[in-house]
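Please look over the structure below before reading on. The report after it goes from the whole chain to single residues.

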Amino acid sequence: MDLPKVIVDDLRREAFQAEILEKPTSKQLAIIYDNKWFKMFVPEKYGGLNLSLIEGLKLEEALAEVDGSIGWTVTLCSGATMFVGYIAPDVSDLLFQNEKVCFGGSGKVSGVAEVVDDGYRITGIWKYATGAPHNSVFTANCQIIENGKIVRGNDRMPLIKSFLLLNEEVVLHNDWQTMGLKATAGWSFEVKDLLLDKNRCFQIDNRSAMLDNPIYQYPFLQFAESTLAVNTLGMTKRFFTLFEQIIDYRDKETEFPAFDRKKQRNLLTNAQKELDNISNQFYQCIYRSWNQLVAIGHIDKRLLGEISRRSRQLVKNARLHANNLYPYGGMAAATTNEEINLVWRNLFTASQHSLLL
């Protein structure tokens, strides 16, 4: 997906300022809101883009190639805002009155929800809520407690449910101290003895979908894996581009041996070819799964397993090649105010997400 050059330039120009601020700049956020990227998987009736998974992945990859922090923020926040498909319509109607609605949260089960009359009492602290400073809604997973005992599901495992918390109901902790993706502002949030109506509770599975768009029938694990994988892909493509610029510069300078330059260019060319091949295989699986879902209403389990495998293969290959090329990047690659260093730090911070291992 080709983004307009003016948008690419504006977003990229703000990247280092966003890193200093440790959150997206006001200009970057304005572009995101204007283009409705936080609502890429939201129906048009709520002001969303109503994209298919394939369209969303291509957009997320393109944004990650522009700037890793922007790609990551849009991906995580749009993935959370996609939960509109599983929450009560009256709640959605209220939340989406805000044109700048943006969900964020955590997948960790870091809280407890005690059953009370007509609702729940929530207590917990959740880490790594991407976009915390601008999130209007936070999603939090809790273990259910009733009469002092753990509630268990039909499988006898502790019952876990997700909850919607408004930004004015949570306490934020600015504890996102990472080497990269600084501007994603993955802060922690906390509540204590917060009383919520039962309609603030939801479950993320196709049987609980409130809306009929196919995206809400797509298994969430593979949705999450694939969206994170394309972020790594986009960041790595940008790293390749910047590395090639370094080689081009060296071609003009006599101080660099010709043999070294040839070796470096061959490494880059091979890396690009291999990553292109693996990313094509990845996208072919996504196309097959989406077409299958639309045609017959479900996706074969073997194909879902292949998507998980392809997602990890794509990430592993991207990291491997970036790691192999990095030592040849010279001081530019090690200098924190150079873009190639920023891309490197973003890429290898993203690599720590548990779904990518």
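What follows is a short report on a predicted model.

**Basis**

This is a predicted model, in which local features need pLDDT of at least 70, side-chain atom pairs count only at pLDDT 80 or more, and totals for chains, interfaces and linings use all residues. Residues are numbered from 1 along each chain as its sequence is written, and side-chain values use heavy atoms, with hydrogens and water left out.

**The whole chain**

The chain holds 11 helices and 8 strands. Both are DSSP runs numbered from the N terminus: helices are H or I with at least four residues, strands are E with at least two. The radius of gyration, taken over C-alpha atoms, is compared with a globule rule of 2.2 Å times the number of residues to the power 0.38. For 357 residues a compact globule would have a value near 21 Å, and the chain has 21 Å, so the two agree. The C-alpha trace spans about 80 × 45 × 40 Å along its principal axes.

Of the 357 residues, 53% are buried. Buried means under 20% relative accessible area, exposed means over 50%, and partly exposed lies in between (1.4 Å probe, protein chains only). The accessible surface of the chain is about 16,800 Å², and carbon and sulfur atoms supply 50% of that. These areas come from the Shrake-Rupley method with a 1.4 Å probe; for residues, only the protein chains shown count as cover.

Contact means heavy atoms within 4.5 Å. Among contacts with a separation of 6 or more, 72% join residues 24 or more positions apart.

Met1 sits in the segment before helix 1 (5–13). Met1 is exposed, because its relative accessibility is 52%. Its contacts, leaving aside neighbours within four places in sequence, are Glu55, Lys58, Leu59 and Ala62. Met1 and Ala62 are 61 residues apart along the chain, yet their C-alpha atoms are separated by 6.1 Å.

Helix 1 has Ile7, Val8, Asp10 and Leu11 as its buried residues. These residues pack against helix 2 (15–21), helix 3 (26–35), helix 4 (53–66) and helix 5. An α-helix has 3.6 residues a turn, so residues three or four places apart point the same way.

Glu61 belongs to helix 4. Glu61 counts as buried because its relative accessibility is 7%. Glu61 touches Val230, Leu233, Gly234, Lys237 and Tyr283, not counting residues up to four places away in sequence. Tyr283 also takes part in a charge–ring arrangement: the charged end of Lys58 sits over its ring, 3.8 Å from the centre. This requires NZ of Lys or CZ of Arg within 6 Å of the ring centre and within 35 degrees of the ring normal.

**Aromatic pairs**

How many aromatic pairs does a search of the whole structure find? It finds 18. Rings of Phe, Tyr and Trp (its six-membered ring) pair if their centres lie within 6.5 Å; planes under 30 degrees apart are stacked, over 60 edge-to-face, and the rest tilted. Two of the pairs are tabulated here.

| Pair | Centre to centre | Angle between planes | Class |
|---|---|---|---|
| Phe83 and Phe202 | 5.6 Å | 45 degrees | tilted |
| Tyr128 and Trp176 | 5.9 Å | 70 degrees | edge-to-face |

Phe83 lies in the loop between helix 5 (68–81) and helix 6 (89–95), and Phe202 in strand 8 (residues 201–202), so their pair ties together parts 119 residues apart in sequence. Phe83 is buried at 7% relative accessibility. Phe202 is buried too, at 3%. Phe41, Phe83, Phe202, Phe220 and Phe223 form one aromatic cluster.

Tyr128 is in strand 2 (residues 119–129), while Trp176 is in the loop between strand 6 (171–173) and strand 7 (187–197), 48 residues apart. Tyr128 is partly exposed at 48%, whereas Trp176 is buried at 14%.

Arg345 is found in helix 11 (residues 339–350). Is Arg345 buried or exposed? Arg345 is buried, because its relative accessible area is 9%. Its side chain makes a polar contact with the side chain of Glu19 at 2.7 Å. A polar contact is a pair of N or O atoms within 3.5 Å; within protein, one must be able to donate a hydrogen and the other to accept it, and residues adjacent in sequence count only if both atoms are side-chain atoms. Beyond neighbours within four places in sequence, Arg345 contacts Glu19, Met179, Gly180, Lys182 and Thr336.
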